[in-house]
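Morning, everyone. I have one structure to go through, and I will keep it short.

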Amino acid sequence: MLEKLISFLQDELDVPKEQINLALRHTQAIPNQLPMQLWQYGLINMGQLEKIFDWLES
């Protein structure tokens with residue numbers, strides 16, 4: 001699931017791999033918190049966060 005989420009972030013939201021890796025370093029214990037970490041660090045905006053949650057629910 002994490003691999004699919006990372007692909008979605010890169011392909012659909014154009015989140016750079018470096019930003020994803022930064023957030024992943026802080027979520028190693030709980031990888032499902034990746035979207036929130038990206039948002040908390042200002043690496044994605046609220047609209048992108050909502051799209052991620054919509055994608056996760058589908």
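Predicted model: local features only at pLDDT ≥ 70, side-chain atom pairs only at ≥ 80, totals over all residues.

Start with the largest nonpolar core, which has 14 residues. Those that touch the most other members are Leu-9, Val-15, Leu-34, Leu-38 and Ile-52. At least two residues of this core come from each of H1, helix H2 (17-25), helix H3 (34-40) and H4. H1 gives the largest share, four residues. As general background, nonpolar side chains in soluble globular proteins tend to be buried together.

Look at Ile-52 next. Setting aside neighbours within four places in sequence, Ile-52 is in contact with Leu-5, Phe-8, Leu-9, Leu-13, Pro-35 and Ile-44.

Now H2. Which of its residues are buried? They are Ile-20, Ala-23 and Leu-24. Viewed down the helix axis, the buried residues of H2 fall within an arc of 105°, so they line one face. The buried residues of H2 pack against H1 and H3. On the face turned away from the buried side, H2 carries the exposed residues Glu-18 and Arg-25.

Last, the aromatics. Searching the whole structure turns up one aromatic pair. The ring centres of Phe-8 and Trp-55 are 4.9 Å apart and the planes are at 15°, so the pair counts as stacked; the cut-off for that is under 30 degrees. Phe-8 sits in helix H1 (residues 2-13) and Trp-55 in helix H4 (residues 46-57), 47 residues apart, so the pair links distant parts of the chain. Phe-8 is buried, at 13% relative accessible area, whereas Trp-55 is partly exposed, at 24%.

Technical notes:
Residues numbered from 1 in each chain as written. Heavy atoms only, no water. Phe/Tyr/Trp six-rings, centres within 6.5 Å; stacked < 30°, edge-to-face > 60°. Buried < 20%, exposed > 50% of the residue type's maximum accessible area, 1.4 Å probe, protein only. Core = buried A, V, L, I, M, F, W, Y, C linked by side-chain atoms within 4.5 Å. Contact = heavy atoms within 4.5 Å. Arc of directions from axis to C-beta.
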